[in-house]
Amino acid sequence: MKKAFTLIELLVVIAIIAILAAILFPVFAQAKAAAKKTQSLSNVKQISLGQMLYIADFDDIFTLRQIVDNNGEGIPPRQTWAPLTWRELSAPYIKNGVNQYTWVTTDGSLGIWSNAGMWESVVRPGAYGVVDMHERLGTGLNYGNWPYNPMSATSLNRPADTLMIVEKGINPNWGSPGRNFEMNWWGYRDPQYSWPPRLKGDPNIMDADNVNWPYWCIPRYRYSANSANVGYADGHAKAVVRGRLNWCREIHIEGMDPGQEWLYQAGNPCEGEAP
């Protein structure tokens with residue numbers, strides 16, 4: 001007499017496999033998300049260290065944000081919309097993800113463009129400019145006035161608490177975040193724009209890839225545990241959970257123009273924090 005599985009036994013085995021799959025697939029997904037978060041954090045850390053090397057070689061001055069003319073446009077032979085940025089300027093210290101293209105120049109010559117490798121978002125590859133630096137560090141200004149005059153690293157009161165590098169959102173119409181990283185307090189209010197804004201941390205802070213300002217030019221919490229990976233001005237990097245980024249301490253820099261120190265006065269959103 002031949003031995004064989006009965007229909008009931010086969011159904012039981014199939015049911016057990018289905019149950020195990022239902023249990024394990026979410027675990028695999030969580031592991032994959034955690035791996036992407038770790039990879040992104042490693043990228044941010046390496047870029048931050050590259051900035052530290054640049055600063056050491058250039059008299060303690062942060063990387064120039066963009067090389068532009070008095071109209072804020074790229075200097076030929078670069079295309080007006082594709083100026084050299086801090087990403088390309090720091091490329092010799094990072095040596096990753098930098099390509100050469102003829103379409104970034106007006107004369108068909110090859111121009112470097114940091115758009116791959118660690119310059120991409122792990123979960124949003126292909127979008128140039130997602131990884132961005134604090135605009136004031138690389139310009140010395142808060143608005144689009146030229147020429148730029150990058151800040152000195154030693155001028156910062158709290159470099160270990162000052163955001164230097166982060167991933168921004170993306171404007172779907174452009175497929176990128178554009179040039180600017182919004183630093184001003186009005187970009188970090190809750191979605192209802194209520195007063196007072198919760199600048200010391202708000203879990204309801206706007207966070208999306210969206211065509212509406214300021215979604216595409218503020219930090220984006222893309223990774224597991226609803227976190228963003230942040231590089232700081234002393235070179236260290238860490239994951240920051242949505243609602244834990246303190247604008248008063250980590251984004252505002254004393255002397256930002258226009259002066260926003262009134263926010264630290266009694267009765268205002270940053271009361272109790274040092275500017």
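Q: Is Arg220 buried or exposed?
A: The model is a predicted one, in which local features need pLDDT of at least 70, side-chain atom pairs count only at pLDDT 80 or more, and totals for chains, interfaces and linings use all residues. Residues are numbered from 1 along each chain as its sequence is written, and side-chain values use heavy atoms, with hydrogens and water left out. Buried means under 20% relative accessible area, exposed over 50% and partly exposed in between, with a 1.4 Å probe and protein chains only. Since the relative accessible area of Arg220 is 17%, this residue is buried.

Q: How many residues apart are Asp209 and Arg124, a pair that links distant parts of the chain?
A: Asp209 forms a salt bridge with Arg124, with the closest N and O atoms 2.5 Å apart. Strands (E) are DSSP runs of at least two residues and helices (H or I) of at least four, numbered from the N terminus. Asp209 is in the loop between strand E4 (163-167) and strand E5 (227-232), whereas Arg124 is in the loop between strand E2 (111-114) and strand E3 (131-133), which places the two 85 residues apart.

Q: Which side chain of opposite charge is nearest to Glu135?
A: Glu135 lies in helix H4 (residues 135-139), and it is buried yet has no salt bridge. For charge, Lys and Arg count as positive and Asp and Glu as negative, while His and the chain ends are not counted. At a distance of 4.3 Å, the nearest side chain of opposite charge is that of Arg65.

Q: What is the relative accessible area of Cys248?
A: Cys248 has its place in helix H5 (residues 247-251). Not counting residues up to four places away in sequence, Cys248 touches (heavy atoms within 4.5 Å) several residues, including Arg158, Leu199, Tyr264 and Cys270. Cys248 is buried, and its relative accessible area is 0%.

Key
Salt bridge = Lys/Arg side-chain N within 4 Å of Asp/Glu carboxyl O.
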